[in-house]
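Subject: Structure for you to look at

Hello,

The structure we spoke about is below. My notes on it follow.

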Amino acid sequence: MASKKTTLLLHILFFLSILSEILITKANTTNSTNANLNQGWGCIEGERKALLEFKHGLIDPFGHLSSWFGVDCCKWTGVDCNNKTGNVVKVDLRNDCDFPPWLGGEISDSLLDLKHLNYLDLSCNDFKGIQIPDFLGSFERLRYINLSYAAFGGMIPPHLGNLSHLRYLDLHGEGYSNSPAVGVYNLNWISGLSSLEYLDLGGVNLSKATTNWMHPFRFHVRPEWIPPFSLKYIAISNCYVFPMFPSWLRTQKRLEDITLKNVRISDTIPEWLWKLDINRLDLSRNQLYGKLPNSLSFSSTAFFVDLSFNRLVGRLPCSFNVTLLFLGNNLLSGPIPSSIGDSSSMEVLHLSGNLLNGSIPASIDKIKYLSVIDLSNNQLSGKIPKKWNNLNQLYTIDLSKNKLSELYSLDLGNNRFSGEIPEWIGERMPLLRQLRLRGNMLIGGIPVQLCHLSHLHILDLAVNNLSGSIPQCLGNLNALTSVALLHREIDDDTKHYEYSNDMELVVKGQDMVFESMLPIVKSIDLSSNNLWGEIPQEITNLSTLGTLNLSRNQLIGKIPQKIGAMQGLETLDLSCNHLSGPIPMSMASITSLSHLNLSHNLLSGPIPTTNQFSTFNDPSIYEANLGLCGLPLSANCTPPNNQNHKNDQDDKQDDEDVRYMTWFFLSMAMGFPVGFWAICGSLALNKSWRHAYFRFFDETRDRLFDFIIVNMARLKRKIERIGVHG
């Protein structure tokens, strides 16, 4: 009996052990499944619900959050989770600020269930003036907040000062809506951001702030203050913050970006600032005064430095290691240093609105990456450097409002300049002889101010996007109506050649480089644009113009009849337009013409055959003008009814002969009686004339008779002598 009980007990224990193994295995399986879920197979259910509630409060007209469904919230757009725990750590719903906003609506406090959230970006959306939620100050793990350009309104909650781990805070107060800008009562809460590296309060309304908010910043309040944070970036603009330069910035060893724009600083720039390793420095639109250092060089190349619109004085630094430099609208004086050519990394040089004098240094050509140069509104004089060939990246140049009156040649060809041709070229460069803007992206019309350049003998505006009509006043360019002589000073070594530059021009259909002969080259090239209208008759006044190229435009009308007056023409290209009518016969009188192209127009009538036209034997000169006829084209100018035409010509000639003979006989009929009575009438009326006339007639008759008798006797004797000897 006892053994049976023992056996039963053993069976029960065995069964319990098996059951225990099953339960342990099931528990392990469950734990393993949860672990797998936490390792990226799904998110925390409570956090998923919190995100869905947050989505429910948003307005999403473009369906940006359409992926927010299902159990795995870690795969939703803009949501990142911790790979090990599955907790949501990042919500990035930033929009592209160049496009319409994605999101709006309300921000639900359900986000508080995201206990591990450390990154929140709602920038460039449109929340239409709602206040920044107070509960954002409760996220203890937050390191990054970007609410910029999202149209928030109201006041910035001071609760943000609780975020001791926050490193990046951007509350820039602009956005899409017209709602009031975000404001602040004070900035004392910033002192609590002990880990802050980047702060942007641009556009924030500080007008309601109390005076106490400046205490963490203002120099005259606590000059020895050392902030509890270490900034990498600071950006404050358009508000009254710093009456003097904030010395506490010197303690920020990791500072890379300083923007204190239009904050009313009235102070000098401290020396220690130039020793910082700064990538960007914007102190523009303040009241900074004093001088710049001799070398504007940071420990490494600064990308952006803007000190414009201040009261800085003195000379420009001798060296720069800045990529984008803005020093405009100060009181800087003296010349531009020739060492500026050593600024190899510079791309933008903006020095307008100062008191700079002297000439533009030729070394500027060495800044090979220079794309923008603005030297306008200074007192610069002398000549513009002739060589700009190395500035392949240059697309904007402004030299207006200076004293550059000695400019003879301006060659900015084959670049990427855009915009319109500046009118000041014709107004402020009266001695300009050569203007080459060929091969750019210029638009607009040809300014009539260019007609004021009486010395201009080369005008090359080809290969642009110019439009409008050709100015009639181009016919007033005096230098193209007189003969130019090649003259150089060779006896005085101290004098420079007036023309020592070279220029590449298209002449006779070929690219040619002129140097020593450049002063006597006379050319107008407006080809490959969108010019329309007729060729102005006034252009035929340019009697010494050597090259006229108006090809590849939209010109209409006829070739000017007086084109033969342009006796200096050697090259004439009017191809690829819509010109009509005949080739003027006066063109044949241009004996210097050696290169002609009239193809692809609507010209008609016979081709001249005299003078230079007899040498133009290439049919391509006239091709695609269906109305032209005569050599060298195959089209014959004689029409099919040539016999009738010949008969008409003969009849016309016969009519002219009849008229001629009629007038001949009529003249004879009238002349005979007039002559008869003029002689005989006078003899009949005047007795003494009559007696003298007949006496003269009788004497003449007697002399003639005696002459005949004497000579006949002599002839008879001579004949007889010949007969005797024979």
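A residue counts as buried here if its relative accessible area is under 20%. The model is a predicted one. By that cut-off Tyr144 is buried, because its relative accessible area is 16%.

Aromatic pairs

Searching the whole structure gives nine aromatic pairs. One of them joins Tyr144 and Tyr168: the ring centres are 4.3 Å apart and the planes meet at 15°, so this pair is stacked. It connects distant parts of the chain, since Tyr144 belongs to strand S6 (residues 144-146) and Tyr168 to strand S7 (residues 168-170), 24 residues apart. Phe613 and Phe616 also form an aromatic pair, in this case edge-to-face, with 5.6 Å from centre to centre and 80° between the planes. Both Phe613 and Phe616 are buried.

Charges over rings

- Lys90 has its charged end over the ring of Tyr119, 4.4 Å from the ring's centre.
- Arg285 lies over the face of Phe309, with 3.9 Å to the ring centre.

Helix H2

Helix H2 covers residues 45-56, and its twelve residues should span 16 Å at 1.5 Å a residue; the end C-alpha atoms are 17 Å apart, which agrees. Its buried residues are Glu47, Arg48, Ala50, Leu51 and Phe54. Viewed down the axis of H2, these buried residues fall within an arc of 160°, so they line one face of the helix.

Val89

What is the relative accessible area of Val89? The value is 17%, so Val89 is buried. Leaving out residues up to four places away in sequence, Val89 touches Asp80, Cys81, Asn82, His116, Leu117, Asn118 and Tyr119. Of these contacts, Asn118 is 29 residues from Val89 in sequence, while the C-alpha atoms of the two are 5.5 Å apart in space. Tyr119, another residue that Val89 touches, has the charged end of Lys90 over its ring.

Strands

In a regular strand the side chains alternate between the two faces of the sheet. Strand S18 (residues 331-334) has Leu332 and Gly334 on a covered face, and Leu331 and Ser333 on an uncovered one. S18 is joined to strand S15 (residues 311-314) by two bridges, and the two run parallel. Gly314 stands opposite Leu332 of S18. S18 also pairs with strand S20 (residues 355-358), in the parallel sense and over two bridges. Here the bridge partner of Gly334 in S20 is Leu356.

Elsewhere, six strands make an open sheet in the order S29-S33-S35-S37-S39-S40, with parallel pairing. Strand S29 (467-468) and strand S40 (627-629) are its edge strands, and each pairs on one side only. Within this sheet, strand S37 (residues 578-581) and strand S39 (residues 602-606) run parallel and are joined by two bridges. The bridge partner of Ser580 in S39 is Leu602.

Regards

Key: Residues are numbered from 1 along each chain as its sequence is written. This is a predicted model: local features need pLDDT of at least 70, side-chain atom pairs count only at pLDDT 80 or more; totals for chains, interfaces and linings use all residues. Side-chain values use heavy atoms; hydrogens and water are left out. Rings of Phe, Tyr and Trp (its six-membered ring) pair if their centres lie within 6.5 Å; planes under 30 degrees apart count as stacked, over 60 as edge-to-face and the rest as tilted. Helices (H or I, at least four residues) and strands (E, at least two) are DSSP runs, numbered from the N terminus. Buried means under 20% relative accessible area, exposed over 50%, partly exposed in between (1.4 Å probe, protein chains only). A charge sits over a ring if NZ of Lys or CZ of Arg is within 6 Å of the ring centre and within 35 degrees of the ring normal. Two strands pair if DSSP finds at least two bridges between them. The expected span of a helix is 1.5 Å times one less than its number of residues. The arc is that of the directions from the helix axis to the C-beta atoms. Contact means heavy atoms within 4.5 Å.
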